[in-house]
Structure formats: C-alpha cells, structure tokens
Amino acid sequence: MSAQLTRRDLLRASLGLGGAFLLELGGCAANGLPAPVQPGARPGDFVPSAWLRITPDDKVIFTLDRVEMGQGTMTSHAQLLADELEIDPARFVIELAGANRAYDNQDPQLGLQSTGGSSSVRTSYEPLRRAGAVAREMLRRAAAKRFTASLDDCRAEEGTLLHVPSGRRLRYGELAADAAREVIPEVTLKPAEKHTWIGKSITRLDARTKVDGSAVYGIDVSVPDLLVAVVLRPPRLGAQVVAFDDRAARAMPGVVDVFRIPQGVAVVAHRYWQATRAAAAVKVDWTEGEIWVDSDTLRKMYVDRVKLPATLVRSHGNVGSAEREAAHTIEALHEAPYLAHATMEPQNATAIVVNDRCEVWAPTQAPALTREAARRVTGLPYASIDFHQTLLGGGFGRRGFQDYVEEALHIAMRVKKPVKVIWSREDDMRSSMYRPMAVSWARGAVDARGNIVSWSQRIASQTVVGETGPEWLQSIVPSGVPHPLKQLGGRLAGGLLNGNGVVDPTNVEGASTMAYDIPNLRFEHAVMRHPVPVGAWRSVGNSQNVFFTETFFDELARAGGKDPFVLRRELLAKAPRQRAVLELAAEKAGWGKALPKGRFRGIAQSKSFETHCAEVAEVSIEGKDVRVHRVVAVVDCGVAVNPDLIRAQIESAIIFGLGAALRQEITWKRGAVEQSNFHDFEPLRMAETPEIEVHVVPSTESPTGVGEPGLPPIAPAVANAILAATGRPVRAMPFTRGLAAKDQAR
Amino acid sequence: MITFVVNGVSRSVEVPEDVPLLWVLREELGLTGTKFGCGAALCGACTVHLDGSPVRSCVTRVGEAGGKQVLTIEGLGAATLHEVQKAWIAENVPQCGYCQPGQILSAVALLKAKRRPTPEDIDAVLDANLCRCGTYPRIRRAIGRVVGALAPDEGGEQHEKKEETHR
C-alpha cells in the first residue's frame, strides 16, 4: 500500500464510489455533495468517515467493514480506530457494514469489499488510524471554539476533550454537532512507540456475545413469516434434474412448495425439520453427469501430466549442468488431496424479494459479491438491494462464494416471502469449492559438501483464480460498464489463467516464492482442467506447496548430511527476517537438545501473506499413529496490533493444518464426493491437540497477514519429524491415509 | 402438545415427538444460541443439558424432553455470567464462536460431575466437541482457570496446582 495515503484517499474511502455517500460534513454539503445515507444517521450526528458515527448522546458507533469470522477483525480494527481517536475500544457500539464501494478492500488482489487473503489489518492499518485522527482533530477544533481556547490547550483523551488549563471536559457526543461542521484537517499519525491501544492484548470485543449465546450468525437470522428451504443438489458433478416427483412431499406437514431452481430442487416449508423430511420424500431423476470423476483416475492424470514440460514460472542458473556435476540428486513426487473448509456453521442465507426490492442476510466473506449476486439473480439495481452482514461461523475461504446466496434469491423470488436456505452438514461437505488437489514433481541436487546446488519443481493443479476470478473481476468493474463487456473481460482473464500461458500465482505460491538462496532454480506449473469446483482454502496454494518444498528440503539436507535447521539458516542469509523467525523457533524449541526416547523434531518455515513464520513440531510414532506433542511457532507480522489475537490465529492455523496434514481428504467416486460428515472428514479434536507455544516477534514494520501464515509450515514440520523418526520421507497428505476411520460412536 | 421447562420457564410446543430438540429450541422457541453443526451427534455444537446432563439436541427427540428441565446457553448466564463463561472471556477463547455454546455447556457439565478435573479429564470430555477454529488450547486454559480459582477445600479432592498455561 502506498505510504502516501492522503486526504483524497480518505475521502475516497469515506465517500464511496458506488453512488452511496456516507459523509456528513458541512464542507461537503456546501460543495453540493449528496446527503449521507449511513443507516440510522440523524441530524447532529458526526460522521467523519464511513467507519465512524458519533451521536449527540455520546454513542460512538464503529462500522466494521471487514467481516468477523473468528479472526478478530472486530477487535483489532476497533483498536486501530481507537488508537488515534483516543477512546477505549470497548466503548464502541459496533455495527457490521452493509455493501458499499466505500469499503472496497485496498489489497490489489481483492479490490472489492471482501475479507480474505489475510488482508484486513494489513490494508486497514493506515486508513483506520487516519480516520481516527481526522475525527479527533475535528472534535478538538470544535472543542477549542467551545472553550474559547487555543487548539494547543485542548487534548483528546478517553473519549473526551480536555481543556488542559482549566480541567474542563466535554464528551465527544457533546461536540458531535459542532465537529460535523469542521473541515477535514491534515493529520499526522503517531509513531509506533506512542500507540495507546495498538499493541495491547485487549479482550475480544465479541467474546461476551459469543459466550452467552446472543451472537447472531447467518443461520440465526429471524424475520417475520420466515420460511425455510432445503435444496436437493446434484448427487454427482454436473448432473442435471431430468424430472422429479414431489407428490408425497407436498402432502407432508408444513410444506409450502417444491420447485426447480438452477441449483436443483428446492423444498420450502415453515420449519427446517419439515423441509428436510419432505426433501427426503422427493424423488429426483438426475442425468449421469461427470461420472468419470474418480480420485484414482485424477491421480493418474496428474502424475502423468506433472512429468511433462509445462509453463515456466521462475528460472535462474542452469539446473541441467548443476545436476550433472552434483554429488547426489533426488527426485520426488508429492501429493495433496482436495479439502473441504467444513466451517462449523453450515452454509445458509436469507432473502426477501418483493415489490422490486431485495433484502439479503448472509454470513458472507464478500459483501460486494453478495450484492452482485443479488443484482444478477433478481435483475434489480444496487439501489434496490439491501444487504445485511451477519457474523460468520467460520470462513476459511468458503464464504467468498455466493452459491448459497443465489439459492436463497431464486427461492425467494418464487415464493415471494422471506426465506432462509439452510444446508445440512452433508450438503456442505459435498457441494463446495475445494482446496485443489495437487501433485508436485521435484528434482534436487546436492554437492559433495552438502550444499543444495539445484532445485527444479513442477506442480500440477487446477487454478483457483482462473476458476473463480472472472466473477470477482466482473464485480470490480465500475457499475457504468455494460454487463456483457464485464463478462467478456472476466472470461478472457479466466481463459488466460486456464492454460494459456499465464500462471495463477496461487498455484505456485510457497514453492516458486521460496526464499532459499540456491544457485540454480526452475519452477513450472501445469494447469489441470476438469470439472471439480475449487476455491481458496486457508493459505491457498501455500497450504500444499510449502508441504512439498519444505519436506523435499529435508530430504536434500539428509542426502547431503546436513542438519535441516543449519542448512535452512545458511540458505536464508539474504532473507534476514525469515532467518530470524527460523532461529528463534529453533532456540525456543531446543533444537539439537536431547528429547525423551521416541520423540523427534521437525522444522519448517514459510513466508506467506507477507508474514514470516517458522514452526518446530515434536512428534512420536505410536504404531501407525502420529502423535504431535508440542509445536513451537514464531511469527513476525510487523506491528502486533493485538498480540493475543495473533497467538490465537497461529494456534488456530496450526490446529486447522494438523487436521488436514494427518487425516482429512475429499475423494471422488463416480462423480460424487465420498465424505459426508465429521466422522469421515474429521477435524483435529482436543485430546490430540499438541501443546502450542507461539512467539510474536516485536516489530515496528507495517503489519502483515495473520489469519493464514501459521498454517503452511505445520504439515512439513510434522512430516520432517516423521522423516527424522523413521528415515522415510512423507510425500503425501494426509499422513495417516487409511487410518482415519476412528471410533464413530462418540 | 409437549411441555418441558426451558431455562426455568415452562414451555409447551405443538410438534411431533420425534422432532429434534435442537430445532424446537431454535425454531419454535427462538433460542438460537444452540447451534446446528452436523445433525448426527458428531460435533457437539448443539449440546444442552437435559435434567442436568449434557445431551446432543440434534439427535434428542423433543418427546424425550417432556416433563424435564432443559438448560441452554441463554439460561446459563441469564442473571450473571457463569464462572465458566467468565473464564472463557478471560482467556479470549472464542474465535468464530459458533461451537462455543456447546463447548461451554460441556465444560459446565464436566465441572459439575467432577469439581477438579485433571487435564486428562478435560481432554477426554471436551474431545467430543469440535472446534474448527482450534480454540482447544484456550478451552483447556479456561477450565484450568475455573479449577485454579477454587478454594483449597472445594471439590473434596487433592488440590495440586495445575500447570497454568502453555503460552
């Protein structure tokens, strides 16, 4: 992000580009700008930006524009705003933002109002502090006039303006109406050492509502006369409804209607249990669909493809001559499976489409796309669409997609009443956009002294951005551009990434981006095109590529007789922050020190979402089971806005990643997903959760990603410990394939 | 008509006996703090207490609750927050929060059954509640915090100090 985020940018962020204007300022009104439309704003309110509203009765309302899905934006972003505003973040009344171009994500890869890519703090750090500073200065100017004092004698502290010489105080609310008439001043932001709320491990602001049951997720949305729908979706990829028999279902209690929608057959009732029972009584004839899709077939396709030349991504030196002169060369095939996100809250959305108005409630990660989906399905303009954000019961990338929203809209249009679509766990497991499977081929060479002299690698996988990007691109294009043009642009971009010479960066991130200083390198990518829906999954390409590279690294270190930590440290000499987290992880984990009998350590590192992370896992092998006892993680994410939330996210990513590394996979048989619920796609449970120790490196650098970077190193750290224990490399996830059938009678 | 007591209040519902208690709580009584996660007693998000014992409300027929006492998350801290809820806040346990009502009600049941659970007891009982955000280390700490705050003679068992945190 540009360091020159200026007043114009703030205005842009405040005013919005989509026709909705949120700023109430005397100066703006005088300039003839449209009146504010921030929901609930009243005359006398001070609305200095799209994020903040201060009312005359001293309510300080913070509009959170990055969704809260557990990662802690509600708290961290409140801290960012509060720091310059000089107020306890616990004093904020927090509202969840609707959809508005004012809230476009400034991350160039996202570009529209959405939460993902570990971008929230990174992209809000400057604008939110600036918004706080602007508001504070306007309040201070209003106070100076009220006190008939010099500006220098007025100080903002704890939600009040203090007249220092007299000790008189005015609450922000008392100054709201006056502050609204001040012009936007130039502001200077505090240096990091002067931060008041940034850097504090304050209690999560959503903790209270999440322990007393009052937190409202999408599935909890309640509106009068709400109907509930379930959808019978294709049992196999690409299968279409031929016909359906709903006679028995229609006779069942509470059933309102049964009809076809583009996604399948919708069953609408007054209650969820009525809809599910009726759905079980609907007989649907489906076309065969993509019956050939089968995990064994796919695996063979990928393994065959990865052996052939593909699109060059990065190259330097000459791997061929380096390999010829090397002491040892090793070749390896690595594999990673499809994965579901399996958010604890199944997919759901609520919609009303009546009288040329549309309202949507959704636990979405991408309000911009939710609103765009509403426009596309209903044909209504944005001005007729009200979007209401809810909390998310987990996201992990799944909720950037709008399939559940589209279903709700189609059904709402037909029944002309409020309706909530609720997915079962089985629906959620079987109709997702999965983390792509991937196969990697790598060849590395080591010289007589154990140095890695050459590394070439080719990865075969579907493209996440190529499959999903077109929809995003279409939504980014300004609203004035005709839709056919937008669609054309989207298709072109999708086509380019799908095997026409441009490589989706998420296909190779974590591999071709490796920081090791190796003289001869070559990375290629082979894009796979076949009908399995894929999407972003926590840490995206890093989630499998770092496993491939960091385990292969240990194989090469072993071949050259080098300690894997020492060799990493040597090859990271030109990446000082990355080397520093590696060294601290090794130190805190006691690398090289004796362990109890039967325990082994593995180390891995990665840089993702601009954040440096290293992890050491302590493992024992018990029969065929892998037991992870302890994980030490070190993270350098720049300024730590809330260190305890950062620790929580690293713990979270490690546990999420361990479940995937050890046993989770989505497999296909005759075009259908074989897994259905948490017994056969089982996340990590408490008793198998290791002791986790997270160290956050103090830093004054700009903050970087937090939600995802803890994940990539965990699988290779454990795999490397298994290599240390057994002498045999682990080249495929999940590690305990075939051992996943745990006791199902919990 | 099925009548039972929910969070201290007698409620009657007009639904078939075999409807899951979960959906009666959520849809008939508007108590949405009890969550739907799997529908098959695999995740524990729907945990409530039935006559003081934890049950998975997604597979508990409402008929089984007839004449009994049901405690949901809304009832647990209705007057003042329960000690477990307070410990949860102190340890910053929730992330997305969706599974937490079930986690908390499982923890309350554990502490009722055994006032001073060992770390192994905690793992054994809470193992049945899934959390996709991975709040397990903090759940351990929060329960440890409740136990650590007990008076020395409370609970009637030996009171060796539990290891504080894994931080």
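**Exercise 1.** Describe how strand E15 (residues 348–354) of chain A is joined to strand E16 (residues 357–362) of chain A.

*Solution.* 
Step 1. E15(A) and E16(A) run antiparallel and are joined by 5 bridges.
Step 2. One pair across these strands is A:Thr350 with A:Trp361 of E16(A).
Step 3. The two strands form a hairpin, with 2 residues between them.
Step 4. In the turn, A:Asn355 has a positive phi of about 50 degrees.

**Exercise 2.** Find the order of the strands in the open sheet that contains E5, E6 and E7 of chain A, then place the helices that pack on this sheet.

*Solution.* 
Step 1. The 3 strands follow the order E5-E6-E7, with antiparallel pairing.
Step 2. Strand E5 (154–157) and strand E7 (168–171) of chain A are the edge strands, since each pairs on one side only.
Step 3. On average, neighbouring strands are turned by 25 degrees against each other, direction ignored.
Step 4. Strand E6 (residues 160–163) of chain A pairs with E7(A) over 4 bridges, and A:His163 stands opposite A:Arg168 in E7(A).
Step 5. H4(A) lies across E5, E6 and E7 of chain A, at about 45 degrees to E6(A).
Step 6. Helix H5 (residues 172–179) of chain A also touches E5, E6 and E7 of chain A. The direction of H5 makes about 70 degrees with that of E7(A).

**Exercise 3.** Characterise the crossing of helix H3 (residues 73–85) of chain A and helix H4 (residues 120–147) of chain A.

*Solution.* 
Step 1. The two axes come within 6 Å and cross at roughly 35 degrees.
Step 2. The crossing is right-handed.
Step 3. Residues making the contact include A:Leu80 and A:Leu81 of H3(A), and A:Leu128 and A:Leu139 of H4(A).
Step 4. Sorted by type, the contact residues of H3(A) with H4(A) are 10 nonpolar, 6 polar and 3 charged.

**Exercise 4.** Decide which stretches of chain A have pLDDT under 50.

*Solution.* 
Step 1. One stretch is residues 1–37 of chain A, where pLDDT stays under 50.
Step 2. Another is residues 738–746 of chain A, where pLDDT is below 50.
Step 3. Where pLDDT is low, the predicted coordinates should not be read in detail.

Notes. Residues are numbered from 1 along each chain as its sequence is written. Chains are lettered from A and ligands numbered from 1 in the order in which they are written. This is a predicted model: local features need pLDDT of at least 70, side-chain atom pairs count only at pLDDT 80 or more; totals for chains, interfaces and linings use all residues. Side-chain values use heavy atoms; hydrogens and water are left out. Axes are lines fitted to C-alpha atoms, for helices over the stretch in contact, and angles run from 0 to 180 degrees between N-to-C directions. A crossing is left-handed if the near helix is turned anticlockwise from the far one by less than a right angle, and right-handed if clockwise. Contact means heavy atoms within 4.5 Å. Ala, Val, Leu, Ile, Met, Phe, Trp, Tyr, Cys and Pro count as nonpolar, Asp, Glu, Lys and Arg as charged, and the others, Gly among them, as polar. pLDDT is the predictor's confidence in each residue, from 0 to 100. Two strands pair if DSSP finds at least two bridges between them.
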